[in-house]
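I am opening a new notebook page for this model. My plan is to look up a few spots and write down what I find.

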Amino acid sequence: MSSSILDGPGASYRAQRGPVLRARTWRAEGLLRMFENVLEVGENPDELIVYASLGKAARTWDEAHTIAATLLSLSEDQTLVLASGAAVGVLETGASAPLVLSAVNNTVGRWASPQRFYERAAAGQTMWGGLTAGAWQYIGRQGVLQGTYELFGTIARRSFDATAGREADALAGRWVLTSGMGGMGSSQPISAAMIGLSSLTVEVDPAKAARLADTGALDLVTTEIEEALEALSRARQERTVVAIGLIANAADVYPALAARGMGPDIVTDQTAAHDARYGYVPSGYSLTQWRSAQAEDPERLERDARASIAAQVTAMLTFAERGSVVFENGNNLRVQALEHLGEDAAGEVNRIPGFMEAYLRPLFARGIGPFRWVCLSGSDADQRVLDDLAISLFGQRRPEVARWIELARTQIPAQGLPARSCWLGHGERSAFAVAANDLVADGTLEAPVLFSRDHLDSASMTHPRIGTEGMRDGSDGVTDFPLLDAMALAATGADLVAIHSGGGGYAGWMQSAGVTIVADGRPETAVRLRRSLDADTGLGVLRHASAGYDEAAASVASGGETGAAPLTWLRASPPEAPH
Ligand code: NAD
């Protein structure tokens, strides 16, 4: 049996479903199904692009073919080594070693610039793996959806006096202004509606809006700003929730709304602004002009994109002065605006906080982050069993987990293999995975389950404008922990371990580690699941404890979220922060 990847480009990409193995082990089969799945749900699979503007699953189609063929024949005591999305070779390592080790675009600091990246990528020498594209862990918009949902929930509780579990009451009549309906950005109207918040999402590409509208996630798509504002105002009066897509350029719409004296309740943006060449359409450019400028006059395009981003950010600052809750949602928007405005504007622009520092850090300090599982069977019945398992294991102690699962199972449109993103913490992830492994073993589940997470997690990410902005010990730009994390994951026998560094506009900005591990029902797999998942979250807790976060110190003292995941922390007092 073959893989749809071997028929690409131009194939109909579909991840294999069902209980039949093509590879020699479920560990390799699971990784191959994920490789297929990221193309099934990706943005531009014929070019191997999965999301985040240029985030790719493999460097070239030749490499994709070699990787897929190797996964089909790989035995359990071998390890496939990948360098920047190209297959290097196979090492004889042993049955408890990872099956795939991958490093993507890791470059010495002095050479980690967007220009060098573009040149090397054009010459076929590297690729940008996104966070989860090159490591085949992307599950479509759900991967970011719960993060945005958690974020809106925290804003509701902190800024609008909501009580936990009743966020919708405080959000009734309120709305968020945002933009971008790409791979990740398209999650925004869905997560807003899930928590009871109306949304106006600006998108420049009508095809992206149409695609999202087809899932039922938008109530209205319009090119008219007046029509959009009327619909919002109606929803406010009737205290209903509405999701509106506005086909326009965010660099025009934000300043126009600011000029009218408006102040949305919440303002953010999720265009791919991190990449001034390939991720953000400047004001005044049609999509065709934008695409030709990428090849014909990239420097001018980058300048125009940054000028437009600066106009958008200036409008966001105006909204903030009027009392809107404004934040950057993980796309280097402020960095790009400052390239245009100059460093003198840094004090002003950086009044906009990053979402991690402002809202999610206390969860990361407890190792709670974007864990995910994927039903390799493709079966919705398996998905229901696992959703129920999460509720029964954690629902009592952390009712927010049960609330999330109940919402997610009814409101998230399906994409690819059935998958669930669920923010679990230290001890919870391993407990869940071991319990799922038992359900594979006793035949309750039709086929094995695969566990992974976003790279933006407690131990595994360094990005001083996203995951590690404003760390209490000043370690915002230090990449020790993602590297330690990858070593710990390899040492504890995860199935795939990846180390990614930023590409495109993120060059020089980030380092991250990714992990995937398949629960195939064997007792020895239960041991690897527990060790790897506990090492991953445990290191995250220790990182935050060492950086001075009380929630992390409390997690060490209590043995994680379950009380059954002990950690040894050797530094009881954090060092002084340098700033
Ligand atoms: P994408 O490339 O798939 O989509 C970007 C979208 O923005 C496209 O639909 C594009 O048409 C639209 N767009 C570009 N310029 C525009 C403009 N001027 N006005 C309106 N729309 C415009 O990217 P994605 O996967 O959706 O990711 C978006 C950003 O979010 C990236 O920078 C990515 O790195 C970041 N990201 C953040 C998180 C997080 O945790 N917060 C997670 C993943 C990705």
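My entries on aromatic rings, charges over rings, one threonine and a surface patch follow.

**Entry: the ground rule.** I note that this is a predicted model.

**Entry: aromatic pairs.** I looked up the aromatic pairs and found 13 in the structure. I picked F364 and W423 to begin with. Where do the two residues lie? F364 is in helix α14, residues 355-364, and W423 is in strand β13, residues 419-424. The pair therefore ties together parts that are 59 residues apart in sequence. I also checked their cover. F364 is buried, at 2% relative accessibility. W423 is buried too, with a relative accessible area of 6%.

**Entry: a second pair.** I turned to F371 and F451. Here the ring centres are 5.6 Å apart and the planes are at 5°, so I logged the pair as stacked. The cut-off behind that word is an angle under 30 degrees. F371 belongs to strand β12, residues 369-375, while F451 belongs to strand β14, residues 449-453. This pair ties together parts 80 residues apart in sequence.

**Entry: the cluster.** Together with W373 and F432, they form one aromatic cluster.

**Entry: charges over rings.** I looked for arginines above aromatic rings. The charged end of R116 sits over the ring of W111, at 4.0 Å from the ring centre. R174 lies over the face of F160, and I noted 4.0 Å from the ring centre there.

**Entry: T79.** I located T79 in strand β3, which covers residues 78-83. T79 is buried, because its relative accessible area is 1% and the limit for that word is under 20%. Which residues touch T79, leaving aside neighbours within four places in sequence? I listed G89, V90, L91, T93, A97, P98, L99, V100 and L101. I then took T93 from that list. T79 and T93 are 14 residues apart in sequence, and their C-alpha atoms are 6.2 Å apart in space.

**Entry: a surface patch.** L483, L484 and M487 make a nonpolar patch of about 260 Å². I placed L483 in helix α18, residues 480-491. L483 is partly exposed, with a relative accessible area of 30%.

Definitions and conventions. Residues numbered from 1 in each chain as written. Predicted model: local features only at pLDDT ≥ 70, side-chain atom pairs only at ≥ 80, totals over all residues. Heavy atoms only, no water. Patch = residues over 30% accessible without salt bridge, like charges linked within 9 Å, V, L, I, M, F, W, Y side chains within 5 Å. Areas by Shrake-Rupley, 256 points an atom, 1.4 Å probe, with all protein chains shown as cover. Salt bridge = Lys/Arg side-chain N within 4 Å of Asp/Glu carboxyl O. Helix = DSSP H or I, 4+ residues; strand = E, 2+ residues; numbered from the N terminus. Buried < 20%, exposed > 50% of the residue type's maximum accessible area, 1.4 Å probe, protein only. Phe/Tyr/Trp six-rings, centres within 6.5 Å; stacked < 30°, edge-to-face > 60°. Lys NZ or Arg CZ within 6 Å of the ring centre and 35° of its normal. Contact = heavy atoms within 4.5 Å.
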